[in-house]
Amino acid sequence: KILNNYLTLKLYQFHYPFEFIVRAISIRMSLTSITVPTTPFGDQKPGTSGLRKKVAVFMQKHYTENFIQSILDAQKDKTKGCTLIVGGDGRYFTTQSINIIIRIASANAVHKLIIGRRGLLSTPAVSSLIRTHKCLGGIVLTASHNPGGIRNDFGIKYNIENGGPAPDQMTDEIYELTGKIKEYKITPDLDCDFQQPGVQQFEVDGREFVVEVIDPVDDYIQLMKSIFDFKKLSNLLSGTETSPPFNVLLDSMNGVTGVYVKRIFLEELGSNQDSAVHIIPLDNFGEIHPDPNLTYAKELVDKVREDSKFDLGAAFDGDGDRNMIIGKNAFFVTPSDSLAVIANNLDCIPYFQTHGVHGFARSMPTGAAVDRVAQKLNKEMFEVPTGWKYFGNLMDAGRLSLCGEESFGTGSDHIREKDGIWAVLAWLSIIAHKQMSVEEILKEHWKIYGRNYFTRYDYEECESEAANKMMNHLESLIDDKNTVGKNFTSCGKTYVIKQIDNFSYVDPIDNSVAKNQGIRVLFEDGSRLIYRLSGTGSSGATIRVYIDSYEKSETTADAQAILKPLVNIGLEISKLKAFTGREEPTVIT
Ligand code: G16
């Protein structure tokens with residue numbers, strides 16, 4: 001024990017010379033776990049990406065404990081002696097839930113937890129750490145873009161050993177276990193501080209249990225440096241003798257990306273100090289709804305529109321996997337276009353020069369702009385259901401390099417999550433290489449490929465029953481033999497239904513099947529209307545209507561004006577207003 005403590009101290013001294021005095025002494029306490037009887041809660045079914053509920057729900061006695069025990073039980077014998085990453089966006093209930101995870105993990109023979117300082121780790125950073133440390137997986141504490149604070153949402157998600165969100169089979173199994181749980185194991189007297197980096201050792205039931213608290217950015221910044229040309233990006237952002245600085249405005253919305261933006265953009269790349277806002281992670285996000293879109297990131301949009309000094313604006317969600325990009329004067333880049341532009345310019349990013357470019361993919365509702373790039377570059381193209389978990393197998397099989405979703409997610413095979421900071425660095429790499437503005441890059445792209453106009457209408461917090469009735473009505477149209485061939489006219493434009501179905505997907509790698517992934521109405525001119533219910537909300541139902549239309553020659557018209565006829569037809573087909581009583585969407589992106 002003395003030797004062990006001495007070596008730990010030395011190692012710690014080496015990594016954290018200034019803090020070692022406080023934290024270096026490894027604590028070896030002998031502790032005993034207990035088994036606590038419990039009963040199932042019926043509502044622990046993970047949604048699109050983990051279990052998301054109001055904080056008050058997670059605070060119920062045994063609620064969080066049951067879910068964590070079920071996650072560990074789903075790993076079967078692999079839990080014994082394993083290492084897990086733990087961290088999240090720092091929202092309210094993070095500290096309490098990490099304490100629960102530490103105590104339950106230690107009692108279930110987990111060997112080690114690697115935890116972000118103060119519980120902070122972005123979702124992409126968790127994915128990277130799982131891969132770097134070859135862990136069994138990670139527990140991500142976030143409800144992503146949902147509001148935080150005691151009255152709002154919390155979430156718990158499990159990521160598997162490839163770094164990606166647990167696939168359907170595993171989340172189904174976790175859910176099944178939550179339905180029959182009778183007890184959980186816990187070490188009630190284990191107190192562990194995770195406010196500062198350091199290694200702490202405990203003895204639980206005679207086994208060694210280790211908690212290593214790490215800086216949340218160190219591993220991630222190394223990864224970014226291995227992907228991008230930081231020298232080139234620094235020249236762009238801080239300017240050179242011959243070119244002025246390229247001014248960005250980054251809005252972390254008081255989510256976890258603040259700590260990454262500070263280190264990467266302000267400290268490493270030399271951006272102006274006023275180029276980042278809301279960079280202090282707060283447990284209620286300072287009352288900001290951390291969803292990077294035109295509605296909730298309005299403050300950023302207004303600032304970039306009003307101040308012509310800004311060349312690019314970007315916003316991130318609470319856990320840092322989503323991003324929104326706007327150019328000078330708040331020129332909006334749809335996530336579907338963002339994906340297509342990055343796909344078309346991967347040669348500007350060193351990572352792809354060395355790793356090569358395999359296929360591309362998008363989620364089904366995402367605008368099909370990237371498909372045209374794939375066709376031109378002769379790359380494989382995949383259309384998967386909504387959810388990042390569906391990209392993982394393709395990446396692991398070496399068939400997918402870049403993917404994205406309309407829900408403001410973009411990423412590559414550097415990890416198995418979408419990655420907001422990565423997306424901004426990718427855009428800056430393209431700008432540095434092409435020496436063009438965001439708007440010029442988009443217009444050039446549309447000139448080559450034509451333009452997929454895309455918009456999404458969200459009707460948040462509808463009555464669940466009304467939303468289900470609307471979906472059932474749409475489902476009934478699939479069986480109605482009069483649907484195909486039917487004409488709809490609005491604002492002088494006529495569309496003819498070519499096909500209607502409920503999207504299902506067979507994973508080409510493991511042949512697993514995902515059914516009922518959204519109603520698709522496909523028109524003869526290639527336009528699409530898609531309807532699905534959100535899988536990330538915590539109360540009521542959110543109806544999403546996705547509208548995608550391709551124009552070969554038109555390149556500059558306003559997307560909302562171009563898509564208005566299809567929107568009207570979408571409302572007519574679904575009878576959305578009649579079912580829900582909603583006149584207007586809550587969010588348009
Ligand atoms: C999650 C998933 C995304 C998915 C999104 C869809 O995003 O990670 O892959 O596109 O949900 O959300 P919904 O089901 O509400 O349409 P996040 O950022 O919330 O983790």
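What share of the 589 residues of the chain counts as buried? In this predicted model, 60% of them do, where buried means under 20% relative accessible area, exposed means over 50%, and partly exposed lies in between (1.4 Å probe, protein chains only). Residues are numbered from 1 along each chain as its sequence is written. Because the model is predicted, local features need pLDDT of at least 70 and side-chain atom pairs count only at pLDDT 80 or more, while totals for chains, interfaces and linings use all residues; side-chain values use heavy atoms, with hydrogens and water left out.

The C-alpha trace spans about 80 × 65 × 40 Å along its principal axes. Of the contacts (heavy atoms within 4.5 Å) with a separation of 6 or more, 72% are between residues 24 or more positions apart.

Next comes the interior. In soluble globular proteins, nonpolar side chains tend to be buried together. A nonpolar core here is a set of buried Ala, Val, Leu, Ile, Met, Phe, Trp, Tyr and Cys residues joined through side-chain atoms within 4.5 Å. The largest such core has 74 residues, of which Phe265, Trp422 and Trp427 touch the most other members. Helix α16 (residues 420–434) gives this core its largest share, eleven residues. Apart from it lies another core, of 45 residues, including Val36 and Phe202. Leaving aside residues up to four places away in sequence, Trp422 has among its contacts Tyr220, Phe352 and His414.

Most residues other than glycine have a negative phi. Lys76, although not a glycine, has a positive phi of about 55 degrees, and Phe285 likewise has a positive phi of about 55 degrees. Lys76 sits between α4 (63–74) and β4 (83–88) and is exposed, with a relative accessible area of 52%. Phe285, in the loop between β12 (276–277) and α11 (298–306), counts as buried at 0% relative accessibility.

Terms used: Helix = DSSP H or I, 4+ residues; strand = E, 2+ residues; numbered from the N terminus.
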